[in-house]
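I opened this notebook to record what I looked up in the structure, taking the ligands in turn and then one side chain.

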Amino acid sequence: MSMIEPSLIQAIHTHNHILCISHVNPDGDAYGSLLGMGWILHHLGKQVVLAMHDQTSKEFQLLPGAHQIIAPNAVADHYDLIVFLDASSRDRVGSVYQENRHQGIPVAVIDHHVTNTYFGDINWVRPDCAATCQMLVYLADALQVPLTGALAECLLTGIVTDTLCFRTSNTTAEVLEAAMHLIRGGADLATITQRTLNQRSLGVLKLWGMVLSELHFEEGVIWALISREQLKTAGDLSGDGQLSSMLITALEADISATFTEKIDEKGLSAVECSFRAKPGFNVATVALELGGGGHPAASGCTLPGTLAEVTTKVLPALKQVRAIYANQ
Ligand code: 5GP
Ligand code: MN
C-alpha cells in the first residue's frame with residue numbers, strides 16, 4: 001500500500017475538532033473527498049465540520065453526508081486542525097478559509113494536483129493518484145477504517161468522476177485496485193456513473209448544441225465559446241468541464257478549451273477556462289501560468305475580462321504549448 005505522510009497520521013490522531021474544506025466549483029472528487037474525509041474522521045470519533053464555498057449541486061445532493069456541508073458564513077474560528085482536500089492552492093477554497101480568522105490553526109493538505117503549491121503545514125500531495133479519493137482509500141486503510149458503506153460510495157464517486165469512469169490516461173492498475181476495494185465494500189458503480197457522468201439537463205444539451213455549431217479550430221487547438229446569454233439557456237449550469245472533455249475527442253485536436261463568460265463577485269466580467277489535452281500533451285503548466293492549475297490532461301483557470309479579451313490572451317499560449325509537445 002502507498003506511502004502516507006506520517007505527520008498527517010499523527011495530526012489526525014492528536015487533534016479532535018477538525019474542519020474539512022474543498023474547492024470552489026466542486027466536482028465529484030471535491031465532494032467525494034470532503035465527505036469521505038468526514039466519514040473517516042467520524043469513524044475515528046472526531047468532531048468534524050465540513051464546509052464548502054458553493055451550495056451543493058443537484059447531482060451530489062444524494063451523496064451520504066452532503067446535507068451536513070455548511071456554508072462559509074457558518075464556519076467558526078476555533079478548530080484544532082483544518083484539512084484542505086483536492087485543492088491545489090489556498091485561494092481555491094474561496095471564503096470558507098479566512099486568513100485572519102484561521103491564522104495559527106495547523107493546515108493539512110491532501111491533494112493530487114501536480115500544480116499544488118504546498119501551502120499547508122503538512123502536505124500530502126500525490127500527482128500519481130488519479131483522484132484525491134484514491135489517496136483517501138490509502139489513508140482509510142492506514143487508519144484501519146473499513147472501506148464500506150457511505151465512505152466507499154463517496155470515495156468511488158471521486159475516482160469515477162476524475163477518471164471519467166476509468167478512461168483517462170492516469171487510470172493505472174492502482175486506481176482500478178482502489179476502486180475494486182470500494183466496490184467490494186458495497187459501492188455501486190452503475191448508480192454512481194449514472195448520477196454523475198451519464199446524465200445532464202436538457203438545458204445543458206441545448207447549450208452544447210448552440211456552441212457546437214460554432215466550434216473553432218486552429219493549429220491543433222479546438223475551442224468553444226459560451227456567452228452569458230447562452231449560459232442562461234442552460235440555467236447557469238454549463239457543464240463546461242464535460243464539454244471540454246467532449247471536444248478533445250475530435251481526431252484533429254491535441255488540446256481543447258471551453259471559455260465560459262460569467263460575472264465575478266465584484267460584478268465584473270470574467271471567463272472560466274477549461275482545458276483538456278490528448279495523452280502526450282500537457283495543459284497543466286499553461287493553466288498554472290495563467291493563475292489556475294490542474295493536471296497534465298485537464299486543467300483550468302478564471303481570468304478577468306470579456307470573452308474576446310481572454311481568448312486573445314489564452315489561445316496563443318495554448319497553440320504555443322501544443323506546438324512544443326507536437327514537435328517532441
Ligand atoms: P474543469 O475543466 O473540469 O473545470 O477542471 C479541470 C481540472 O483543473 C480540475 O482538476 C480542477 O481542479 C482544475 N482547475 C480548474 N480551474 C481551476 C482554477 O481556477 N484554479 C486551479 N488551481 N485549478 C483549476
Ligand atoms: Mn481531483
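Which residues come nearest to ligand 1? I find 15 residues around ligand 1, and of these Ser-88, Arg-92, His-113, Ser-274 and Arg-276 come nearest, a residue being counted as near if one of its heavy atoms lies within 4 Å of the molecule.

Before going further I note that this is a predicted model, in which local features need pLDDT of at least 70 and side-chain atom pairs count only at pLDDT 80 or more, while totals for chains, interfaces and linings use all residues. Residues are numbered from 1 along each chain as its sequence is written, chains are lettered from A and ligands numbered from 1 in the order in which they are written, and side-chain values use heavy atoms, with hydrogens and water left out.

**Entry: contacts of ligand 1.** I looked up polar contacts (a pair of N or O atoms within 3.5 Å). Oxygen atoms of ligand 1 lie 3.1 Å from a side-chain N or O atom of Arg-92, 3.2 Å from a polar side-chain atom of His-295, and 3.4 Å from a polar backbone atom of Gly-300. Ligand 1 taken alone exposes 500 Å², of which the protein buries 79%, the areas coming from the Shrake-Rupley method with a 1.4 Å probe.

**Entry: the shell around ligand 1.** I sorted the shell residues into two nonpolar, 11 polar and two charged, where Ala, Val, Leu, Ile, Met, Phe, Trp, Tyr, Cys and Pro count as nonpolar, Asp, Glu, Lys and Arg as charged, and the others, Gly among them, as polar. Strand 9 (269-277), strand 10 (293-294) and strand 11 (298-304) each supply at least two of the shell residues, with strands taken as DSSP runs of E of at least two residues and helices as runs of H or I of at least four, numbered from the N terminus. Strand 11 gives the largest share, five residues. Because domain 1 (6-196) and domain 2 (202-326) both contribute to the shell, ligand 1 lies between them; these bounds come from an automatic or database domain assignment.

**Entry: the manganese ion.** Which protein donors does the manganese ion (ligand 2) have? I find Asp-29 (OD), Asp-86 (OD), His-112 (NE2) and Asp-162 (OD), lying 2.2 to 2.4 Å from the ion; donors are N, O and S atoms within 2.8 Å of the metal (3.2 Å for Na, K and Ca), and sites may look incomplete without water. Asp-29 lies in helix 2 (residues 28-43) and His-112 in the loop between strand 4 (107-111) and strand 5 (122-125), so the pair ties together parts that are 83 residues apart in sequence. Both Asp-29 and His-112 are buried, meaning under 20% relative accessible area, with exposed over 50% and partly exposed in between (1.4 Å probe, protein chains only).

Key
Polar contact = N/O pair within 3.5 Å; in protein donor to acceptor, adjacent residues only side chain to side chain.
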